[in-house]
Amino acid sequence: MKNKKVVVVGGGLGALSAAIYLAKLGFSVLLFEKNEKVGGKVNEVVLDNYRFDTGASLLTMLSVIDDLFTFAGVTRSDYLDFLPIDPLCRYFFADGSVMDASADITKMKQAIEKISPEDVGAYERFLSYSERIYNLTSEIFMYTPIHEFKKLIKSRHFQTLFRLYQIDPFRTVHQSVSRFFSDPRLIQLFDRYATYNGSDPFQAPATLNIIPYIEYVLGGFYIKGGIYRLIDALVSVANELDVQIHRSSTVEKICHDGKRIMGVQVNGEIIKTEYVLCNTDAVIAHRELIDGYRSISKKLSRLEPSLSGMVFLWGVNGSYPELAHHNIIFSSDYRTEFEQIFKYQHVPDDPTIYIAITSKTDIEHAPEGCENWFVLLNMPYLIPEQIWDQEKDRMRSVVKDKLRQVGLNIDKHIEMEKIYTPVDFQDMYASNRGSIYGISSNSRTTAFKRIPNRSRILDGLYFSGGSVHPGGGIPLVVLSGKMAATLIAEDFGLCE
Ligand SMILES: Cc1cc2nc3c(=O)[nH]c(=O)nc-3n(C[C@H](O)[C@H](O)[C@H](O)COP(=O)(O)OP(=O)(O)OC[C@H]3O[C@@H](n4cnc5c(N)ncnc54)[C@H](O)[C@@H]3O)c2cc1C
């Protein structure tokens with residue numbers, strides 16, 4: 001009789017999702033997280049009475065989260081309130097114009113009409129196109145472990161594979177968006193969705209134009225109290241299912257005999273198990289945790305990491321009605337911004353600035369009369385010669401200048417500051433070269449090149465998280481956890 005025990009390495013969202021699925025299927029689950037807190041890149045801090053989400057700030061594809069709670073036998077609304085955000089985002093363009101994007105189609109069409117009347121019809125056509133990609137791809141690319149041949153050849157997937165040309169894989173995001181819209185501001189706005197999984201709109205395949213359908217039709221949400229409440233809720237559910245969560249516990253080695261998993265080493269101690277679910281960045285795991293596979297590890301390290309980021313957490317005194325909960329201040333030249341990031345791997349001179357202010361929705365997240373600004377800039381993944389201390393100062397000035405250009409002078413109003421660079425993302429979460437979404441989707445074949453959920457080299461080893469199939473972002477890593485858990489259950493003989 002096999003031992004129904006699984007060790008989960010890392011405590012990100014993909015791990016918590018897998019742990020819950022596995023525990024509900026009757027496995028005994030031990031999870032080891034190196035940090036004091038679980039949640040990985042979904043994280044929060046409280047500094048000088050300002051509370052911040054330091055990672056993810058927008059939630060999409062709610063049904064994925066709801067399904068996890070339902071599978072666990074509980075009701076999501078007993079744990080979490082999802083709040084639709086309207087406007088979804090306030091966009092500030094380089095020419096001084098401002099537009100509120102909304103999931104309400106009437107409001108969105110009115111907003112487009114104000115800046116480019118001839119593009120109103122294009123918006124509806126674009127959404128239908130985006131929906132078509134969603135209908136064709138979601139089942140196969142998001143809900144199926146595509147490296148599993150038997151699952152891929154199921155008849156309904158097979159039909160999709162024959163219609164792959166319809167998912168627009170041969171153009172880039174930018175090329176296809178430009179075919180719909182005439183106004184460069186709207187092109188920039190819809191190009192931006194490639195960054196939702198850390199990619200470059202001028203290289204990533206237009207299949208990523210699925211994302212606007214997800215945000216504008218399925219909706220963009222915030223969680224009452226902050227995105228980190230999702231982690232609290234999942235930890236509660238995991239506890240109720242007797243998942244053993246060990247914090248401040250670094251897994252030093254995934255042990256094997258060259259064929260099968262034997263256990264893990266934590267704090268010098270070997271914990272025996274036949275099943276390991278690895279939620280740490282899989283490129284790093286192959287390099288640092290799994291001995292004996294140097295050539296595979298070398299090959300994986302050639303996969304291009306996603307965007308990284310620089311984050312300023314600012315406690316700002318005063319209130320700023322010019323800003324909404326989510327805001328984007330665009331760069332004046334998007335193409336140059338992405339060339340600098342991906343081609344030259346430089347810190348961009350004129351970065352696009354994202355500002356999320358949860359105190360607009362949860363006023364208790366900042367002291368009275370103040371706001372908590374989470375300011376995120378797209379950055380290249382790490383290369384050795386970048387000097388981040390200088391870049392922090394340069395970027396702080398750039399952000400303040402750009403804020404002045406939209407009428408906001410906050411120079412004397414920042415009373416608290418904390419900065420994270422790509423080095424911090426690498427150190428805090430052991431992410432590959434500081435990438436924040438795992439592997440970029442800058443090539444048409446990325447979906448197939450991503451690391452599979454079931455290891456091809458060792459029996460008993462599985463992967464979840466942003467660096468493996470189906471990719472980065474909250475809903476996808478939750479799905480990766482579900483896929484890895486399902487594969488373990490199948491290999492154990494519990495289901496087909
Ligand atoms: C700044 C930022 C903004 C983002 N914005 C959004 C957004 O708005 N919407 C969205 O959907 N997504 C967003 N994301 C992406 C999303 O947060 C991630 O894709 C997702 O949280 C990654 O989950 P994961 O399962 O890959 O685990 P990770 O978050 O990568 O966690 C892995 C965990 O493993 C631990 N670990 C590593 N090595 C070891 C070891 N040897 N032993 C034990 N533990 C180990 C790490 O400490 C970490 O806790 C954002 C991310 C960042 C950083």
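A residue is called buried here if 20 or more other C-beta atoms lie within 10 Å of its own, exposed if 12 or fewer do, and partly exposed in between, with C-beta atoms placed from the backbone. By this criterion, 52% of the 496 residues of the protein chain count as buried. The structure is a predicted model, in which local features need pLDDT of at least 70 and side-chain atom pairs count only at pLDDT 80 or more, whereas totals for chains, interfaces and linings use all residues. Residues are numbered from 1 along each chain as its sequence is written.

The secondary structure of the protein chain comprises 17 helices and 19 strands, taken as DSSP runs (helices H or I, at least four residues; strands E, at least two) and numbered from the N terminus. With a radius of gyration of 22 Å, close to the 23 Å that the globule rule gives for 496 residues, the chain is as compact as a globular protein of that length. The radius is taken over C-alpha atoms, and the rule is 2.2 Å times the number of residues to the power 0.38.

Helix α7 (residues 173-180) has V173, H174, S176, V177 and F180 buried. These residues lie on the same side of α7, because they cover an arc of only 165° around the axis, the arc being that of the directions from the helix axis to the C-beta atoms. They pack against α4 (120-142) and α8 (184-191).

I245 lies in strand β9 (residues 244-246). This residue is partly exposed, because 19 other C-beta atoms lie within 10 Å. Beyond its neighbours within four places in sequence, I245 is in contact (C-beta atoms, placed from the backbone, within 7 Å) with G11, L31, V38, V235 and A238.

Key:
Contact = placed C-beta atoms within 7 Å.
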